[in-house]
Amino acid sequence: MLGGTDDRYEEEEEEDEEDEYEDGGELLGNFDEDSRATEDRATNEKAHGSLDYTDNFEVAAIDQIESFGAGNDGTPLPVFLVEPKSTYVMKNRPAKLYCKASHALQISFKCSGSKKPPPTEEEHHTDPHSGVQLQEATATITREQVDEFFGEGSFKCECRAYSSRGHVKTQPVTIQVATIKKQISISPKIVRVTSSGRAELDCIANATPAAKVEWLKNGVPVQPNPPYVMLTDSSLLISRVGLQDMANYTCVAENIAGKRVSEPALIVVSVDGGWSQWGPWTDCKCSGHPKQGKKRTRVCNNPAPINDGATCQGSNTESSDDCLPCVAGRWSSWSEWSDCSQDCTQIRQRLCIGSTSAAQIASFGSVSVTTAALPTNGSSAQAFAIDNGTIVSCVGKSQQSIKCSDGLCNNKARGK
């Protein structure tokens, strides 16, 4: 991985965002009649590491090419030992093109859109073992040269070698401006996937040459783990997503022009609920009634639903056919207070109802009663009702009573 973004590239990147570089058409010059026959000339693709002309060059190879393409006078055509390679240029970093040929009297570069060769350093050497003449040239291509070219296609250069027999030239190579846009992004911004599902993120970076992409999970580099976690040139694919994959993901794109980091994208993993094992069988027993039959229960916690995952399907209770069903009921509203009775008391009642029962409150009269004391509970501490065959149990008392007030009891006594 390359180093961090160099500040000197920031200025050029603004200019590069919409740049398109076109070729100036066909390069000037063609093979002459003799050089056409040398189209299959020998090449050595190894890059040179120094200016030692005998590096990576075998004497036997020189001996073999001494008569290559020779005419009646024995003069051979030049043979390229190293050809230039396509490369990239930046504002403050020119590109270098290098070529090396044997049996050449002169060597130079020709580039698109110009009859003049680019600035070139030439070296001449005679191989000490074979006496073969060796020529090499290193051309410097600047960003300005590429920007000033407005022809069709890309900016290209080729190396040409000349001898008394004729000249030969290399295949054209392309020189492009290296760029990377400041903004890179991830698509999609958020991925919602169920556990064991598939999630894919794509890093979108506009860069020349293509940027090398690295993925970070909560700031830590993601390591490939086929077939579950796979990294392509620009994408991250998780084939079986688990809760451990729920995180923020960022991509880092880098090439020779700079380095960019995206805004994070989120993978959200939802988990559907699963039932636990059935619990042990227990007695069916309703308060105030004898036990009858068996039942057992289970819980939706294996796993529990997470991030809007589906709840468990089916019932959480299983019972025998003779199980006495009972459920917790709810109280209706209290009735109005009754008229004052012979023993100077008033009562009110409420009903224990199930989910489908309607509260039916008995009428206790319509006399308005003002109470000065808190009511006291009457009747038993447990109430029951039958709702579609199910025993409904309510905790608390169904009746309250208070002493009559406002002279109602005295008036009744005098009227006896």
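Trainee: Hi! How do strand 13 and strand 15 pair?
Mentor: Strand 13 (residues 185-187) pairs with strand 15 in the antiparallel sense, over three bridges. Strands here are DSSP runs of E with at least two residues, numbered from the N terminus, and two strands pair if DSSP finds at least two bridges between them. Keep in mind that this is a predicted model, where local features need pLDDT of at least 70, side-chain atom pairs count only at pLDDT 80 or more, and totals for chains, interfaces and linings use all residues. Residues are numbered from 1 along each chain as its sequence is written, and side-chain values use heavy atoms, with hydrogens and water left out.

Trainee: Which residue stands opposite D202?
Mentor: That is S187.

Trainee: And how does strand 15 pair with strand 20?
Mentor: Those two are antiparallel as well, over four bridges, and strand 20 covers residues 235-238.

Trainee: What is L201 in contact with?
Mentor: Leaving aside neighbours within four places in sequence, the contacts of L201 include I186, V191, W215, L236, Y249 and I267. Contact means heavy atoms within 4.5 Å.

Trainee: Which residues have the most contacts inside the largest nonpolar core?
Mentor: L201 is among them, along with V193, W215, L236, Y249, C251 and I267, in a core of 27 residues. Strand 21 (247-255) is one of the elements that give two or more residues to this core, and strand 21 gives the most, with four. A nonpolar core is a set of buried Ala, Val, Leu, Ile, Met, Phe, Trp, Tyr and Cys residues joined through side-chain atoms within 4.5 Å.

Trainee: New topic: where is N302 found?
Mentor: Look in the loop between strand 25 (294-297) and strand 26 (317-319). N302 is partly exposed, with a relative accessible area of 48%. Beyond its neighbours within four places in sequence, N302 is in contact with G274, W275 and S276.

Trainee: Last one: how many helices and strands does the chain have?
Mentor: There are five helices and 34 strands, a helix being a DSSP run of H or I with at least four residues.

Terms used: Buried means under 20% relative accessible area, exposed over 50%, partly exposed in between (1.4 Å probe, protein chains only).
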